[in-house]
Amino acid sequence: MAEQQKAPQPETFKVPADADGVSCDGGGGPLGHPKVWYTFDKAGRAECTYCDRLFIRKS
Ligand SMILES: [Zn+2]
């Protein structure tokens, strides 16, 4: 019997391939967080430690 799980899916954002990094403020407002900058790892991904947003650099 299959159990359907609804895991909250973090938002994913695509950024231009020539971007050196991304900034995230959680969208601002009461749900936001201080603006922070992230750089991409070797795979071209950066994950916000505040709101779990995932930024993926286009290849
Ligand atoms: Zn964030």
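1. Two strands pair if DSSP finds at least two bridges between them. With that in hand, look at the sheet. The model is predicted. Three strands form an open sheet, and their order is 1-5-4. The pairing in this sheet is mixed.

2. Start with strand 4 (45–47) and strand 5 (residues 54–57). These two run antiparallel. Three bridges join them. Arg45 has Ile56 of strand 5 as its bridge partner. Ala46 stands opposite Phe55, also in strand 5.

3. Now the link between these strands. Strand 4 and strand 5 make a hairpin with six residues between the strands. Within this hairpin, Asp52 takes a positive phi near 65°.

4. Turn to strand 1 (12–15). Strand 1 pairs with strand 5 in the parallel sense. Four bridges make up this pairing. Lys14 stands opposite Ile56 in strand 5. Ile56 is also the bridge partner of Arg45.

5. Strands of a sheet pair through backbone hydrogen bonds, and the pairing is either parallel or antiparallel.

Note on methods. Residues numbered from 1 in each chain as written. Predicted model: local features only at pLDDT ≥ 70, side-chain atom pairs only at ≥ 80, totals over all residues.
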